[in-house]
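Subject: A structure to look through

Dear colleague,

I am passing on a structure that I would like you to read alongside the notes below. Please open it first and keep it in view as you go.

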Amino acid sequence: MRLLLFLHCLLFLPSCVHLLTTRFEYKATSPAQSVGGSAFRAEFIPQHSESGIALSAVVLGGAVVAEIGPYLIRMHAFGKDGDQRWFEIKRLRITSSDHFEAPMEARGFEGRAEFKPTNTAGLTRASLLLGPHVHLDTRKQRNIVLEADVEVMRSGGLARGTLRIPLSLSKTNRRDSTFICAELWHDMRHRDNMDIPSALPPPPESP
């Protein structure tokens with residue numbers, strides 16, 4: 001009886017729900033800069049979402065999500081196996097052409113990121129998560145510059161240098177479709193071992 005009731009309810013649901021995600025993030029506009037033989041890349045991760053609904057003529061058709069700031073920043077350095085050991089950040093600030101300037105306190109980038117193997121043979125990566133969240137006005141700060149003094153420990157000794165990474169605000173759209181019947185049936189069968197999503201996206205595999 002319960003199964004018949006469940007199937008009857010499904011008849012009144014839309015067969016497919018669409019999720020349109022718009023992601024606002026800052027991406028580098030120049031090739032990765034190098035210090036101590038390491039190519040550096042800055043990753044801006046939006047930490048807030050604004051959601052809404054998308055309606056069709058008859059039924060609820062899906063949802064709209066905008067992933068926006070404030071942002072977490074991760075700094076990645078790519079090196080070669082047997083060469084780089086770790087890197088540290090000694091100074092960091094963000095500026096823009098509208099005279100915006102945001103120096104980060106030392107506690108926001110303290111720590112040492114060690115180089116570890118990647119899925120690419122001979123390529124290593126070190127990643128450092130910075131904090132706190134960075135608040136940017138995406139209407140004014142569309143083009144920013146991240147400046148950082150870094151130290152890289154290599155097999156031959158310590159190397160120092162300054163990074164100046166220009167970034168521009170970009171907008172990407174992703175559309176996902178979910179078939180409700182299939183999703184509900186999957187959740188019913190796997191409700192005891194559901195995966196918990198990671199809080200951060202996986203690090204990039206190349207600079």
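**The pockets**

The second largest pocket is lined by Leu 92, Ile 94, Phe 100, Ala 102, Pro 103, Met 104, Glu 105, Pro 132, His 133, Val 134 and His 135, and the elements that give two or more residues to this lining are β5 and β6 (101–103). Please bear in mind that the model is a predicted one. This second largest pocket holds about 150 Å³ of space, and its lining divides into eight nonpolar residues, two polar and one charged.

The largest pocket holds about 330 Å³, and of the 20 residues that line it, those closest to its centre are Lys 27, Ala 28, Arg 41, Ala 42 and Glu 43. Two or more residues of this lining come from each of β1 (16–28) and β3, and by class the lining has 13 nonpolar, two polar and five charged residues.

**The core**

The largest nonpolar core has 31 residues, and among those with the most contacts inside it are Phe 44, Met 75, Leu 92 and Leu 146. Its largest share, five residues, comes from β10. Leaving out residues up to four places away in sequence, Leu 146 touches several others, including Ala 42, Phe 44, Met 75, Leu 92 and Leu 167.

Ala 39 has its place in strand β3. Although Ala 39 and Ser 206 are 167 residues apart along the chain, their C-alpha atoms are separated by 9.2 Å. Beyond its neighbours within four places in sequence, Ala 39 is in contact with residues that include His 76, Phe 78 and Pro 207.

With best wishes

Note on methods
Residues are numbered from 1 along each chain as its sequence is written. This is a predicted model: local features need pLDDT of at least 70, side-chain atom pairs count only at pLDDT 80 or more; totals for chains, interfaces and linings use all residues. Side-chain values use heavy atoms; hydrogens and water are left out. A nonpolar core is a set of buried Ala, Val, Leu, Ile, Met, Phe, Trp, Tyr and Cys residues joined through side-chain atoms within 4.5 Å. Buried means under 20% relative accessible area, exposed over 50%, partly exposed in between (1.4 Å probe, protein chains only). Helices (H or I, at least four residues) and strands (E, at least two) are DSSP runs, numbered from the N terminus. Contact means heavy atoms within 4.5 Å. On a 1 Å grid over the protein atoms alone, a cavity is a set of points where a 1.4 Å probe fits but cannot get out, and a pocket is an open set with protein on both sides within 12 Å along at least five of seven lines; lining residues have an atom within 4 Å of a point. Grid points are joined across faces, edges and corners, and a volume is the space filled by probe spheres set on the points. Ala, Val, Leu, Ile, Met, Phe, Trp, Tyr, Cys and Pro count as nonpolar, Asp, Glu, Lys and Arg as charged, and the others, Gly among them, as polar.
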